[in-house]
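Good morning, everyone. Please look at the screen, and I will walk you through one protein.

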Amino acid sequence: MSELIVIGLALFPAIILFLYIWLKDPKREPMSKVLKAVLWGIAVCILAGFVEEGVESFLFDGAKPADLFDTTLDAFFVAALPEESLKLFALWRVLRKNPYFDEHYDAIVYAVCVGLGFAALENYMYVAGDGDWLTVGIMRALLSVPAHYAFAILMGYYYSKYHFVTHSFKTALCILFVPVFFHGVFDALLMSGEVDETVGIVAFIVCIYFCFKMHKKANAKIVSQIELDKGGVTTT
């Protein structure tokens with residue numbers, strides 16, 4: 001296995017999705033700020049590993065999830081909540097004194113950079129650490145990396161809405177808990193196969209549909225923010 005092939009397979013989906021979101025920006029962000037967001041995403045990915053290990057040890061005391069309740073608990077409280085909380089912290093650090101954060105769409109761009117920085121490192125660790133690296137790389141390129149991208153779009157959308165439109169408590173909660181919800185459901189569906197193969201097959205099919213709806217929702221947020229910056233619509 002060539003290390004360069006593994007790195008390329010791990011990073012390619014993140015790079016493609018970054019280019020897609022960045023090229024849509026009518027007034028593109030400075031590459032230095034974009035890179036800063038990506039590096040923050042990588043940094044919190046490293047930190048997430050330690051946090052998740054601690055939470056998992058607390059919840060399961062070293063044992064593997066034994067049933068669907070455990071896998072759902074794992075999905076939401078070991079993976080989704082810590083990861084999205086750390087990504088939000090990284091996004092806040094990137095945007096809090098950023099003079100280029102002056103359009104609604106900008107928060108989505110920076111959130112995606114954080115999310116894809118996180119996803120790229122996570123993806124590399126999964127691909128490089130598995131003997132069947134090609135299958136893992138392809139599956140994660142089709143599901144996991146695009147999922148992080150969608151979670152990031154939703155986080156960026158609500159961050160922008162809170163910053164520019166309304167400082168409501170509901171919107172503030174949505175910044176974190178909408179991505180946590182989608183992330184948790186995504187992981188719970190995929191992890192169900194660890195304890196029940198039949199349920200896992202059904203859940204995988206449901207997950208494909210869930211991802212389709214999630215990406216449709218995320219794409220609508222992209223369109224609404226770009227149109228809002230052009231003066232076309234109101235944020236909803």
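**Starting from one lysine**

Lysine 36 sits in helix α2, residues 31-60. A helix here is a DSSP run of H or I with at least four residues, a strand is a run of E with at least two, and both are numbered from the N terminus.

A word on the source. This is a predicted model: local features need pLDDT of at least 70, side-chain atom pairs count only at pLDDT 80 or more, and totals for chains, interfaces and linings use all residues. Residues are numbered from 1 along each chain as its sequence is written, and side-chain values use heavy atoms, with hydrogens and water left out.

Buried means under 20% relative accessible area, exposed means over 50%, and partly exposed lies in between (1.4 Å probe, protein chains only).

Now aspartate 61. It is in the loop between α2 and α3 (68-95). Aspartate 61 is exposed, at 68% relative accessible area. Its phi is positive, about 50°, although it is not a glycine.

Next, leucine 228, in helix α8, residues 197-229. Leucine 228 is buried, at 15%. From glycine 54 it is 174 residues away in sequence and 42 Å away in space, C-alpha to C-alpha.

Finally, the whole protein. How many helices and strands does it have? Eight helices and zero strands. Of its 236 residues, 47% count as buried. The C-alpha trace spans about 50 × 40 × 30 Å along its principal axes.
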